[in-house]
Amino acid sequence: MCIRDRYQVGDALQVVVAPSLEPMPASLSYAIATGRLAVDVSGLPSGASAQVRVTGPDNFLRTLTASQVLMGLAPGTYFVTPNTVAISGVTWGPSTGPLTVVVTASSLPAQAAVRYAITRGSLSLVINGLPQSIPANVTVSGPENYSATVATTSTLTGLKPGTLSLIHI
């Protein structure tokens, strides 16, 4: 959906025309009445879709999946809220919280920058030196009360960044 900028005439004009050989001059001046918002999305892998919600005056609501310039916006305060996205099992989240942007009546867009980054990590735990018939029984614990028991070489995914403890039980 393409919404265009809207223009409006400044002051109303009244002209009195009198009998004359010369035309009466009259001039109407228009000014832009709407604004623009440029949302720049970066940090995601090529071809991946973002989830950025933009809300504002007059019940404005749009969900963006990539960088975009929104036009024809009513002047006022807009909220740009990026949401986490999962791509190939990896969670990507915004590096900042919701943004508040003031849009004015202008052809120059207000700016909002949304940056994504990987929010979770993984651990490739290699267990060696034990016969296959004997499980290692290693407890891995970490942030957000994470706990897992590992018996053999494993890859643990979806881990919150931070320090992990590995303890043989």
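Me: Okay, in which loop is the place of D58?

Reply: Keep in mind that this is a predicted model. D58 sits in the loop that links β4 (52–56) with β5 (60–64).

Me: What makes D58 count as exposed?

Reply: Its relative accessible area is 67%.

Me: Where does E144 lie, and what is its phi?

Reply: You'll find E144 in the loop between β13 (138–142) and β14 (146–150). Phi is positive there, near 60°, and E144 is a residue other than glycine.

Me: How do you know whether E144 is buried or exposed?

Reply: Check the number against the cut-offs: buried is under 20%, exposed is over 50%. E144 has 54% relative accessibility, so it counts as exposed.

Me: What joins β13 to β14?

Reply: Five bridges, and the two strands run antiparallel. For strands to be called a pair, at least two bridges are needed, and β13 and β14 have five. As for who faces whom, V138 stands opposite V150 in β14.

Me: Which strands form the open sheet, and in what order?

Reply: Three strands do, in the order β14-β13-β16, with antiparallel pairing.

Me: Why are β14 and β16 said to stand at the edges?

Reply: β14 and β16 (165–168) each have a single partner strand, so each has one side left without a neighbour in the sheet. Ignoring direction, neighbouring strands of this sheet are turned by 20° against each other on average.

Me: How many helices and strands are in the protein chain?

Reply: Zero helices and 16 strands.

Me: Why is the protein chain called more spread out than a compact globule?

Reply: For 169 residues the globule rule gives 15 Å, but the radius of gyration here is 29 Å. That is well over the rule's value, so the chain is more spread out than a compact globule. The C-alpha atoms fill a box of roughly 110 × 25 × 20 Å along the principal axes.

Me: And how much of the protein chain counts as buried?

Reply: Of its 169 residues, 25% do, with buried standing for under 20% relative accessible area. The accessible surface of the chain comes to about 11,000 Å², and 54% of that belongs to carbon and sulfur atoms.

Terms used:
Residues are numbered from 1 along each chain as its sequence is written. This is a predicted model: local features need pLDDT of at least 70, side-chain atom pairs count only at pLDDT 80 or more; totals for chains, interfaces and linings use all residues. Side-chain values use heavy atoms; hydrogens and water are left out. Helices (H or I, at least four residues) and strands (E, at least two) are DSSP runs, numbered from the N terminus. Buried means under 20% relative accessible area, exposed over 50%, partly exposed in between (1.4 Å probe, protein chains only). Axes are lines fitted to C-alpha atoms, for helices over the stretch in contact, and angles run from 0 to 180 degrees between N-to-C directions. The radius of gyration is taken over C-alpha atoms; the globule rule is 2.2 Å times the number of residues to the power 0.38. Accessible areas come from the Shrake-Rupley method with a 1.4 Å probe; for residues, only the protein chains shown count as cover.
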